[in-house]
Amino acid sequence: MTITPLAAHTSHQSAPAFRGRIGKDARSGHYAVPGRYRLHLSTASPDGLRIAVVHSLLGLGAACPVTFLPAVPDGPEGGHSVLRPLYEASAHRYTGAPTAPVLSDGWSGRIVSTHAPDIMRDLAGRFGGDLSALYPRGAESEIDAVERMCAQRMNEAAQSAGSAGGEPAERAAALVTLLETLGALERWLLGRTYMIRDEVTAADVELWAALVQLDTVHRHHLDAGAVQRIAGHPTLWAYARRLTAHPAFGCHLDLDGIARRHHARCQGLEAAGAAVQILDWTAHVVHQRQALTRRPAPPSRCGGESQVPIPDDVR
């Protein structure tokens, strides 16, 4: 599968409210200082899950602490009330929902960014020491393409395929797009352990999170036949299973939280595909957590303060 950048697409979500970046030095305003910044995440959301995995892969528990938020926001507008002071301090008369993820600056008490891709890159580039660990030099366009593929040809296609209000032809076309993408990924991953390199990169984080969303959320709105066709990609789902066994991935997988968030937000109809589970995520998460108990405990959640090793059974 040749990974090429896809054309820009219109997102159904509103533009991020804050797009600050962490620069190289004091001239940039925001620059990397251990303990200065804090992440506010709900791992029940796809963005929060991706950032949490990157944070653990980089071992940033001490350099950039995390506040983990409830799966279901408690605010009437769909936001987290605990984030309201940050939003109001960052934007005069802010009236929107105080949503996560958020990267906040402890020195100013304001928000730096709410844009997940920027946050992930800044964690890797400014705190991770070597950006090439997750964003290898020369692979920028490949990672960008994987991000767009997961957003457009997987998440958006799956959502459209399961939309109760969509036209039958539109739903069918969206399912074709999804299945074609999964088929291309199935062929691409034959004989490979990871997506674009011989080690975990941000592309793997993106694809794994999209597969989690496909099986734990989108599947519930598809018919059984469609889900069985989605499940018929053994190499792709074996890849998802391997990554779930990695400590930085599996320990953040809050299946109960994802389910509660989905049921609180979803307005669609449940279809027969809800009964056809593709991957037994619970079994793999339990196995991974049992493996962790047989080795020295990490100093913070999911090994956040130390580089997370890759278990032998993941290699």
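## Helices and a sheet in a predicted model

Helix H3 (residues 116–127) lies across S1, S3 and S4 and runs at about 145° to S1. Contact here means heavy atoms within 4.5 Å, while axes are lines fitted to C-alpha atoms, for helices over the stretch in contact, with angles running from 0 to 180 degrees between N-to-C directions. Helices (H or I, at least four residues) and strands (E, at least two) are DSSP runs, numbered from the N terminus. The model is predicted, so that local features need pLDDT of at least 70 and side-chain atom pairs count only at pLDDT 80 or more, whereas totals for chains, interfaces and linings use all residues. Residues are numbered from 1 along each chain as its sequence is written, and side-chain values use heavy atoms, with hydrogens and water left out.

Four strands make up an open sheet with mixed pairing, in the order S2-S1-S3-S4, where two strands pair if DSSP finds at least two bridges between them. Strand S2 (66–68) and strand S4 (110–113) are the edge strands, each pairing on one side only. Strand S3 (residues 102–105) and S4 run antiparallel and are joined by three bridges; Asp105 has Arg110 in S4 as its bridge partner.

Elsewhere, helix H6 (residues 202–216) packs with helix H8 (residues 234–244) at an angle of about 110°, their axes being 10 Å apart. H6 and H8 are therefore roughly perpendicular to each other, a term that covers angles of 65 to 115 degrees.

Technical notes: Angles under 35 degrees count as roughly parallel, over 145 as roughly antiparallel, 65 to 115 as roughly perpendicular and the rest as oblique.
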